[in-house]
Amino acid sequence: MALYLSPFHFTSLSSKSDYSLPSKFPGAAVFFRREFPGASVSPPSTDSGRRCILKDRAQPGNNGSFEASESSLVVCFGEMLIDFVPTTSGLSLAEAPAFKKAPGGAPANVAVGIARLGGASAFIGKVGEDEFGYMLADILKENNVNSEGMRFDPGARTALAFVTLRKDGEREFMFYRNPSADMLLQESEIDFELIRKAKIFHYGSISLITEPCKSAHIAAANAARDAGVLLSYDPNLRLPLWPSAESAREGILSIWDTADIIKISEEEISFLTQGEDPYDDNVVRKLYHQNLKLLLVTEGAEGCRYYTKEFSGRIEGLKVEAVDTTGAGDAFVAGMLSQLASDMNLIQEEDRLRDALRFANACGALTVTERGAIPALPTREAVLNAMLKSVA
């Protein structure tokens, strides 16, 4: 292996801080590529031969066909990246002796999570035309996620994120994007036909931070809404990526009223309401807009709350020994959307909704028992077995 360094900037932030933004420090993004005798140190080739190979690798194989369940397809839009998680739990990023490479990115996590649970999913986004990008394309293929909407940028790297859960319970993030390929997705590169086939279109807020991805995001969501596709939104607040706290608040809320389903965490409620109590139902109801069908509030190990126009309640979480919380919220979303895509009416019946949320809670709980997001996402069989054991 040869080690190459590229100039980047990074920022880090504990998620349970006072929401003040950290200073930016000059850093270096680390990339690995295979080195062969006589090989040049230039970036991966972008010649037509390489692109042909890449196209073949990025498409689902026979096991990745979604024709049989296309009527319940969930299309996930946004970032896919490489998470680096410490091999030792409970340490800060600076204290960690080593890191494990794991595929991640919230929308991609949800897509893989749905496929692992037996559902039909697709991913739309952009990665670098580099070894990490090729790896991520293969991950989607291996997990039977439709990757027809995935694009590759020859001029930008695949994003990296270092993430840890410290002993004090605070998560730390450090991102390498300057810019990364996911930020450069253009409207002209979007597979709108794939979006129109979906039952649910799921996205976050990170794709709203910069152009051209912001315009691409808005165009994709508009196309989904015009086609009668249900819109699912997980803000997934990552303050270090935004220019300021206020721009993050404005950006997240700019598309709030267009979503049919919103999943939000306690910390995000406090942030969006500028410090109000996230456990107060009256505070939560302020975030419930007229066209919203379902608002979900995740509480980590404690479970979740749900709000519709007709009813609301709380579902306890499944107790497990946590190793790494990365991707737990995405697994929860995958668990919920995988069921909703098959039967949209469950939102209207509280008993059935509660059963679906118990399943989603179990998905999130199992994910924290292993390191990394995508590597830890459970199968449907594992979730059902865990739920049976919890009531035995």
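The side chains of Thr326 and Asp324 are joined by a polar contact of 2.8 Å, a polar contact being a pair of N or O atoms within 3.5 Å, one able to donate a hydrogen and the other to accept it. The model is predicted, with local features requiring pLDDT of at least 70 and side-chain atom pairs pLDDT 80 or more, whereas totals for chains, interfaces and linings use all residues. Residues are numbered from 1 along each chain, and side-chain values use heavy atoms, without hydrogens and water.

- Thr326 is found in the loop between β16 (312–316) and α9 (328–340), helices (H or I, at least four residues) and strands (E, at least two) being DSSP runs numbered from the N terminus.
- Because its relative accessibility is 5%, Thr326 counts as buried, a term for values under 20% with a 1.4 Å probe and protein chains only.
- Beyond its neighbours within four places in sequence, Thr326 is in contact with residues including Asp83, Arg171 and Thr367, contact meaning heavy atoms within 4.5 Å.

**Nonpolar core**
- The largest nonpolar core has 60 residues, and Met80, Met150, Met336, Leu337 and Leu357 have the most contacts inside it; such a core is a set of buried Ala, Val, Leu, Ile, Met, Phe, Trp, Tyr and Cys residues joined through side-chain atoms within 4.5 Å.
- Helix α10 (residues 350–367) supplies the largest share of this core, 9 residues.

**Helices α10 and α11**
- Residues of α10, among them Phe359 and Leu366, meet residues of α11 that include Val383 and Met387.
- α10 and α11 are roughly perpendicular to each other, the class for angles of 65 to 115 degrees.

Note on methods:
Buried < 20%, exposed > 50% of the residue type's maximum accessible area, 1.4 Å probe, protein only. Parallel < 35°, antiparallel > 145°, perpendicular 65-115°, else oblique.
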